[in-house]
Every structure is written in structure tokens, then in C-alpha cells.
Amino acid sequence: MKKSLLVSLLALTACAPSTATVQSTDYLNSNAQHSANVSTLYALASIGTGTGIEFKWLDSTGISHKLSEYQGSKPVVLVFGKTSDSYSTAQYASLDSVRSEMGDSVGTIAFADDNAPTNFNTVTSYVSAHHFLSQFITDSTQRVEIQFATAGLSGPTYYVTESLVLGKDGKLVTNGFTAGPAYKDTLEARVRQAYK
């Protein structure tokens, strides 16, 4: 009996999905705010899979989620912008269009890099006024965007609006980085490419 239980436990362990192992935590915000689909950046870390970058946010109930949750199941579109920029508003709308059209087959995450003391409240009001449904993360010091640039996954210059499309393996798809606005058709084409 003990032997069969041990063999069963070993078999279950071997079948368990792997999780990304954190190599270092670069940032942790224990006071992260959250409301509906807006959260301040909760954590930023280095991991050994995908892009090597892990970030976390809180959902509307305060539960922590992370980028690597999507790995192995669906591509993810990341958009960086500012609520004060009209190109960013168009980019965020394109991201929501991708989400509406492609549904749960793609993850959509928007970063609002507004640098203001009332950043969270500003972004929450902005998202509500525009009826955006994608997950928004406020990152006033551009920590996540800088991590992607440092890793060579985006351009060497920071643009107000940027987008990245990550494949199911968590890595940047070919031509997956866009400096400036990338609209719905471009983003959808890159997501479809990630499924090939």
C-alpha cells in the first residue's frame, strides 16, 4: 500500500506543470493598489524562462497574477503608453479590439507609464472613461519597459507607445516589437504568427 501511494505521488509530481523559478526579485510593492482591471505594479523579477522577465499585478479581488501564467497556453500582447498621449489611447483601443475579437486565446496587458503622484487614480479614471477591458498596470517609473529594453527585447530608445507580442513559449515573436503605435490588424497578425 505504501509503495503504490509513493509511486502515485511520484507520477503526479512528474505530471505537474512546471513553474517559472524566480532568480531574483528586482522590485516588490507591498502596497500595490488595485481596482477592477487596474493595478499598480506589484512585483518585478528575473526568471529562467521565456523573456527572463516576470512581472506581477493584482486582480480586482487582490489576488496576485504574473506574466508566466500565460506561458504554454496563449500568446500575450503587451502595450506601453501614457494616458495623456492620444497615440497611446489609440493603441489601448487596438489592444482591446484584439481582446474582443480573439477572446481568451490571447492575453492583453497594458502599461500606463504616467509619472504623476496620483498615477493610480488617474489611470483608473481613464480606463473607466474609455471602457477598456484589458488588464492595466500602472508603472510610473517604467520599470517593466526598462527591463524589456535592457534585455534587448525592445528598442534602445523609449517611445511613448510601444508594443510587444510574446508567443506561447513566453518569448518575443519575430518582428514582435513595435516602436510607436501598432494597430489591431498588426497586433492580430503577430498573435496568429505566435500560433504557427
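The protein chain has five helices and 11 strands. What you see is a predicted model, so please keep that in mind throughout.

Let me begin with the chain as a whole. It has 196 residues, and 46% of them count as buried. The accessible surface of the protein chain is about 9900 Å². Carbon and sulfur atoms hold 54% of that surface. As for contacts, take those in the protein chain with a separation of 6 or more: 61% of them are between residues 24 or more positions apart.

Now to a pair of helices. How do α2 and α5 cross? Helix α2 covers residues 86-102, and helix α5 covers residues 184-194. Their axes come within 9 Å and cross at roughly 50 degrees. Because of that angle, α2 counts as oblique to α5. The crossing is right-handed.

Which residues meet there? On the α2 side they are Gln 91, Ser 94, Leu 95, Ser 97, Val 98, Glu 101 and Met 102. On the α5 side they are Lys 184, Leu 187, Glu 188, Val 191 and Arg 192. Sorted by type, the residues of this contact are five nonpolar, three polar and four charged.

Next, two residues in loops. The first topic is Leu 67. This residue is in the loop between β6, residues 64-66, and β7, residues 76-81. Is Leu 67 buried or exposed? Its relative accessibility is 7%, and buried means under 20%, so Leu 67 counts as buried. What does Leu 67 touch, leaving aside its neighbours within four places in sequence? The contacts of Leu 67 are Ile 53, Glu 54, Phe 55, Trp 57, Val 76 and Leu 166. Ile 53, Phe 55 and Trp 57, among these contacts, lie in strand β5, which runs over residues 53-58. There is also a distance to note for Leu 67: Gly 107 is 40 residues away in sequence, and the two C-alpha atoms are 9.2 Å apart in space.

The other residue is Gly 48. Its place is in the loop between β4, residues 43-47, and β5, residues 53-58. Is Gly 48 buried or exposed? With a relative accessibility of 56%, and exposed meaning over 50%, Gly 48 counts as exposed. Its C-alpha atom is separated by 9.9 Å from that of Ser 24, which is 24 residues away along the chain.

Conventions. Residues are numbered from 1 along each chain as its sequence is written. This is a predicted model: local features need pLDDT of at least 70, side-chain atom pairs count only at pLDDT 80 or more; totals for chains, interfaces and linings use all residues. Side-chain values use heavy atoms; hydrogens and water are left out. Helices (H or I, at least four residues) and strands (E, at least two) are DSSP runs, numbered from the N terminus. Buried means under 20% relative accessible area, exposed over 50%, partly exposed in between (1.4 Å probe, protein chains only). Contact means heavy atoms within 4.5 Å. Accessible areas come from the Shrake-Rupley method with a 1.4 Å probe; for residues, only the protein chains shown count as cover. Axes are lines fitted to C-alpha atoms, for helices over the stretch in contact, and angles run from 0 to 180 degrees between N-to-C directions. Angles under 35 degrees count as roughly parallel, over 145 as roughly antiparallel, 65 to 115 as roughly perpendicular and the rest as oblique. A crossing is left-handed if the near helix is turned anticlockwise from the far one by less than a right angle, and right-handed if clockwise. Ala, Val, Leu, Ile, Met, Phe, Trp, Tyr, Cys and Pro count as nonpolar, Asp, Glu, Lys and Arg as charged, and the others, Gly among them, as polar.
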